[in-house]
Amino acid sequence: MFKTTRMFLIAMSIAFSLSVQAFIELHSHAFMKEGMGPLFRGDFTHELCAHSWCCLLSSKINAETLNKSGARIFVAALYAHPALVLKPGLSWRDSVKDSLRRQIRQAYDFVAQHPEWILAKNARDAQRAFSADKKIFMLSLEGSHGMFETARDFTEFIDEAGIAIVTPIHLINNSCGGAAYMRGFRKSIFTLKNFYFEWRNGARMNPMGLTPEGKDLIVRLMEKGVWIDLTHMSDKSIEDALPLLLAFGQPLLFTHTALRKYYKDERGISSEHLNWIRQYGGYVGIVPSEEMLVNTKVDNEFCPLNCRPCRGGVEALAQHYYEIGTHLGFSRVALGSDFSGGISHLRPARCRTETSLDRIGLISIDQIGDLHQTLEKRLHKTLNMDQASREFLAQWALAQSRRHE
């Protein structure tokens, strides 16, 4: 009897593991309550507050949904809005650092409570843990303005806390350099840089590149083994950063983007950037968001016969996934969903998927299994996420190969 019961439990465990497909999440804001203060609804330790795919300032990820999601590699993006986290008696810089400390504490608390996870500070430990069937939790920092003023800041946030990826420039131009132009009225109001741009190759571009301070910061971060995320940089900033990255042997990383050929403006990844990744190495995360997939022309092969022509949704995501995967290899592309990051996601599916996406669209991270399943159907291809995970860790190892101990 005992043997029969044990065999049944093993079979159920295997069936469950097969039903929840492992995946990589390159960019989600697990702790956004600490970064946005009272404007944000919900936090990592309570029930989700997002009720629609288009909610912008409500939680779409918490500890429960992360554990249910099937994520094998999860990158938690730390962010703090200087005005919204300002504390009496503290400068905006110190207030931001205080907010980030609270977010880092939450990350360590989560890993301590869930021993199947490891918070990896370096690629070597992550590769070893992944081979031992551990789940990998990583920290990234979105926006570094005012963060690294002293040697102690580098020690605290990188050596001790373990921030592995840094986006030096985020939504607006800062002392490090120029940020990528983003389309849309809401983003134009939020990012004043959008009122100053140049037209180049049919896209609006921010002409500002890296400042000397920005170049110095990127070098100092790479010396610490930090992987530089180019996602929000202007093209000129990326061009200025490229020789620095190559000098350190760093692969090019874009954690949450979409193809510029459809998105049209600078925030999307260009064909030139993809060529650089193919030549020098790197990794790309695609945002499953109607905002980022706008204007995508979906090939009929990715669109069910009774749904043509397809516009938006998982079919548009499949188009981006296919084109980037074909160009770079499918092991170098994953999702960077930007959950809880002030962006909408996928509306309820217009072409039936027989998953939760039909009823509610993409609202939370525990639906990524449904999204991957549907992506594979639309692509007529099995996505080997184990191979993609190992490739990501290998690229991270290359990014750290010239770190100064």
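Modeller: Ser 340 is found in the loop between S11 and H13, where helices (H or I, at least four residues) and strands (E, at least two) are DSSP runs numbered from the N terminus. The model is a predicted one, in which local features need pLDDT of at least 70 and side-chain atom pairs count only at pLDDT 80 or more, whereas totals for chains, interfaces and linings use all residues. Residues are numbered from 1 along each chain as its sequence is written, and side-chain values use heavy atoms, with hydrogens and water left out.

Although Ser 340 is not a glycine, its phi is positive, at about 65°. Most residues other than glycine have a negative phi, and most peptide bonds are trans. Ser 340 has a relative accessibility of 3% and counts as buried; buried means under 20% relative accessible area, exposed over 50% and partly exposed in between, with a 1.4 Å probe and protein chains only.

Phe 339 lies in the loop between strand S11 (333-335) and helix H13 (356-360), and it is buried as well, at 0% relative accessibility. Its contacts (heavy atoms within 4.5 Å), not counting residues up to four places away in sequence, include Glu 25, His 27, Ser 28 and His 29, together with Lys 60 and Ile 61. Between Phe 339 and Gly 369, which are 30 residues apart along the chain, the C-alpha separation is 15 Å.

Lys 264, which is not a glycine either, has a positive phi of about 85°. Lys 264 lies in the loop between helix H10 (260-263) and helix H11 (271-280), and with a relative accessible area of 40% it is partly exposed. The peptide bond from Arg 308 to Pro 309 is cis, its omega being near -5°; Pro 309 belongs to the loop between strand S10 (282-286) and H12.

Helix H12 (residues 313-328) contains His 320, which is buried with a relative accessible area of 0%. Residues touched by His 320, leaving aside those up to four places away in sequence, are Ala 258, Leu 259, Tyr 262, Ile 286, Met 292, Leu 293 and Thr 296. H12 also packs with helix H14 (residues 368-379) at an angle of about 70°, and their axes are 9 Å apart; axes are lines fitted to C-alpha atoms, for helices over the stretch in contact, and angles run from 0 to 180 degrees between N-to-C directions. That angle makes H12 roughly perpendicular to H14, since angles of 65 to 115 degrees count as roughly perpendicular, under 35 as roughly parallel, over 145 as roughly antiparallel and the rest as oblique. On the H12 side the contact is made by Val 314, Glu 315, Leu 317, Ala 318, Tyr 321 and Tyr 322, and on the H14 side by Leu 371, His 372, Thr 374, Leu 375, Arg 378 and Leu 379.

Another helix pair is formed by H4 (residues 92-113) and H6 (residues 151-160), which pack at about 20° with axes 12 Å apart. H4 is therefore roughly parallel to H6. Among the residues in this contact are Leu 100 and Ile 104 of H4 and Phe 157 of H6. Ile 104 counts as buried, at 9% relative accessibility, and touches Leu 78, Leu 139, Phe 157 and Ala 161, residues up to four places away in sequence being excluded. The buried residues of H6 are Asp 153, Phe 154, Glu 156, Phe 157 and Ile 158, and they pack against H4, strand S5 (163-167) and helix H8 (212-223). Just after H6, Gly 162 takes a positive phi of about 95°.

Rings of Phe, Tyr and Trp (its six-membered ring) pair if their centres lie within 6.5 Å, with planes under 30 degrees apart counted as stacked, over 60 as edge-to-face and the rest as tilted. The count by this rule is twelve aromatic pairs. One of them, Phe 31 with Phe 44, is edge-to-face, at 4.9 Å centre to centre and 75° between the planes. Phe 31 lies in the loop between strand S1 (23-28) and helix H2 (32-36), and Phe 44 in the loop between H2 and helix H3 (63-68), so this pair ties together parts that are 13 residues apart in sequence. Phe 31 is buried at 2% relative accessible area, and Phe 44 is buried at 3%.
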